[in-house]
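Subject: Structure handover

Hello,

Here is the structure for you to look through. Please open it first, then read my notes below.

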Amino acid sequence: MSEGPLYLGFDLSTQQLKAIVIQSDLSVVSSAKVDFDGDFGAKYGIKKGVQVKEAEGEVFAPVAMWLEALDLVLQRLQEAKTPLNRIRGISGSCQQHGSVYWSREAEKLLAELQAGEQRQNLVDQLKGAFSHPYAPNWQDHSTQAECDKFDEALGTAERLAHATGSAAHHRFTGPQIMRLRRKLPKMYASTSRISLVSSFLASLFIGSVAPMDISDVCGMNLWDIPSNTWSETLLTLAAGGSAEGAADLKAKLGEVRLDGGGSMGKISPYFVGKYGFSPDCEIAPFTGDNPATILALPLRPLDAIVSLGTSTTFLMITPVYKPDPSYHFFNHPTTPGQYMFMLCYKNGGLAREKVRDSLPGPSNSSADRWETFNQHALSTPPLDVSSPETDKAKLGLYFYLPEIVPNISAGTWRYECSATDGSDLQLVNQPWPVEKDARIIVESQALSMRLRSQTLVSTPPSTPSEVSSSSSAPLPAQPRRIYLVGGGSLNPAIARIMGDVLGGVDGVYKLDVGGNACALGGAYKAVWAFERKDETETFDELIGKRWKEEGAIRKVDEGYKRGVFEGYGNVMGAFGEMEGRVLEVARNK
């Protein structure tokens, strides 16, 4: 380890608080974590980091627990002999959409935070700093009535998505604030400021209520992304309908920091005295966990991440802002003019497992069943088409849970169409052999991602020799690289089919940055914030030079395959038409 400056990144997720310390070259020096259930479960009555009131659909976390967790994780770094005195800058990532409600005493109590023999920990010194002891969690689903009003406020869900990057969602902060103002009017009236979880954690470090981050603010349904300002119409709605109420809510929310880098201030004396931080240590803006994920790569424009876990998430960086109610757009956390595009699917790994378990063959172990699944997936040609002139392309929707994208209830639907142009789309009354489903479910999941991202990609700027040598024809628009993460990324058949459908001119890669991706993204953000030459040096320029691919990524598929990729393009219209037909008869109520 060199003697140069160090940088600290945090990840405050639903179930843990992680901290990671890195050097300027991005190498990891130290890390520590607090597990909320393991360390505080009995004290706070939580399970998987939260408390739940099923009757109302409420899911929330005790703010005091987070205060205790911050002291504990820093204590663990200290016990690990981490040289905290060398930390030059701090940033981090936090669960998105949650909100923290500060009392009128908050600024005074934050400013007076001190360490010493007669001084107490954060939870004791900030006892009177909160008007509400709980923060709603992203799993909360108590706000359907408020979401309906948000979708109506600008006329349609499409207009709301155009303004704020998303249609209304239960977990988004605007509907949450609206409900809490109605349910707990005295609490709301006594609230001086409202923070997102990311700006709450940053506030503890600077000893003052910190501004919200330009990316995380997009998860509220309150920020007008094209105008880069609060939406007065939506503020008025959330605040009860009056202009005075909107002005009051705007004051509670405060200004939004447009620059994702730079310093918001020096570290609070509390952390200097208690843990030995340098008084010159500075705090950069904190962001949300999804934006931090794209910083951990670092993800470049036209790169895409496909997270193949229990659910499936598709993330991409794009300069094109084309919102839609079925997905999410956020400002990029460090780069003005770039956006984070995000798709979230419920039917991911569990749906693939359902198909796997329906296949005939060995059933004595999970590994054997996956081997059977992969065998069938790879022996079936793309779309189960051997001859495009004679064979019909097979398309399907496999929703074992009600889906978000598209908004369709649970069920399975199978269709066939022309493989050459997608015409003559027909519902299949008699299911094809179940062995075909192994490939078609993976294709279906990838086709949905391609359908929704196709207007955001462009012809890749460079042509790898192995692709360009096969033909002089220009490459079709597609992602530059596809990065796979999550349990499904270990499966070679799934990786192959993702590359077949989504392309990826530079290939498909398995990404492994351990379990600390969000904390690393925060730490990288701190390095960039304090080591950039000036505001013109981008995150990609600075971090891209230092980030080492070795050990972090492994190429698992060539990606774009000329002819195969275009074959899927021929049926994209039919896939969209199939979704539309199913929506007409099976839309979620």
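Phe373, His376 and Ala377 in H15 meet Glu435, Ala438, Arg439, Ile441 and Val442 in H16. Contact here means heavy atoms within 4.5 Å. Helices (H or I, at least four residues) and strands (E, at least two) are DSSP runs, numbered from the N terminus.

Before going further, some ground rules. This is a predicted model, where local features need pLDDT of at least 70 and side-chain atom pairs count only at pLDDT 80 or more, while totals for chains, interfaces and linings use all residues. Residues are numbered from 1 along each chain as its sequence is written, and side-chain values use heavy atoms, with hydrogens and water left out.

**Helix packing**

Two packed helices are described by the angle between their axes and the distance between the axes. Axes are lines fitted to C-alpha atoms, for helices over the stretch in contact, and angles run from 0 to 180 degrees between N-to-C directions.

H15 covers residues 366–379 and H16 covers residues 434–453. They pack at an angle of about 80°, with their axes 7 Å apart. H15 and H16 are therefore roughly perpendicular to each other. (Angles under 35 degrees count as roughly parallel, over 145 as roughly antiparallel, 65 to 115 as roughly perpendicular and the rest as oblique.) The contact of H15 with H16 has five nonpolar, one polar and two charged residues. For these classes, Ala, Val, Leu, Ile, Met, Phe, Trp, Tyr, Cys and Pro count as nonpolar, Asp, Glu, Lys and Arg as charged, and the others, Gly among them, as polar.

H15 has another partner, H14 (residues 349–358). Their axes come within 9 Å and cross at roughly 90°. That makes H14 roughly perpendicular to H15. From H14, the contact uses Arg352, Glu353, Val355, Arg356 and Asp357. From H15, it uses Ser366, Arg369, Trp370 and Phe373. By class, the contact of H14 with H15 has three nonpolar, one polar and five charged residues.

H2 runs over residues 63–79. At 1.5 Å a residue, its 17 residues should span 24 Å, and its end C-alpha atoms are 25 Å apart, which agrees. (The expected span is 1.5 Å times one less than the number of residues.) H2 is mostly covered, with 12 of its 17 residues buried. Buried means under 20% relative accessible area, exposed over 50%, partly exposed in between (1.4 Å probe, protein chains only). Among the buried residues of H2 are Trp66, Glu68, Asp71 and Leu77. Lysine 81 follows H2 and has a positive phi, near 65°.

H19 (residues 517–531) has 15 residues, which should span 21 Å; its end C-alpha atoms are 21 Å apart, which agrees. In H19, 15 of the 15 residues are buried, so H19 is largely enclosed by the rest of the structure.

**A loop with two buried residues**

Glutamine 96 is in the loop between strand E6 (87–94) and strand E7 (99–102). Is it buried or exposed? Glutamine 96 counts as buried, at 3% relative accessibility. Its side chain makes a polar contact of 3.0 Å with the side chain of aspartate 216. (A polar contact is a pair of N or O atoms within 3.5 Å; within protein, one must be able to donate a hydrogen and the other to accept it, and residues adjacent in sequence count only if both atoms are side-chain atoms.) Leaving aside neighbours within four places in sequence, glutamine 96 also contacts residues including Trp138, Gly288 and Phe330.

Histidine 97 is in that loop between E6 and E7 too. Histidine 97 is buried, at 7% relative accessibility.

**Backbone details**

Most residues other than glycine have a negative phi, and most peptide bonds are trans. Histidine 97 has a positive phi of about 80° although it is not a glycine. Leucine 26 also has a positive phi, near 80°. Leucine 26 sits in the loop between strand E2 (16–23) and strand E3 (28–35), and is buried at 8% relative accessibility. The peptide bond from valine 405 to proline 406 is cis, with omega near -5°.

**Across the sequence**

Arginine 587 lies in the segment after helix H22 (572–586). Arginine 587 and glutamate 403 are 184 residues apart along the chain, yet their C-alpha atoms are separated by 9.4 Å.

Best wishes
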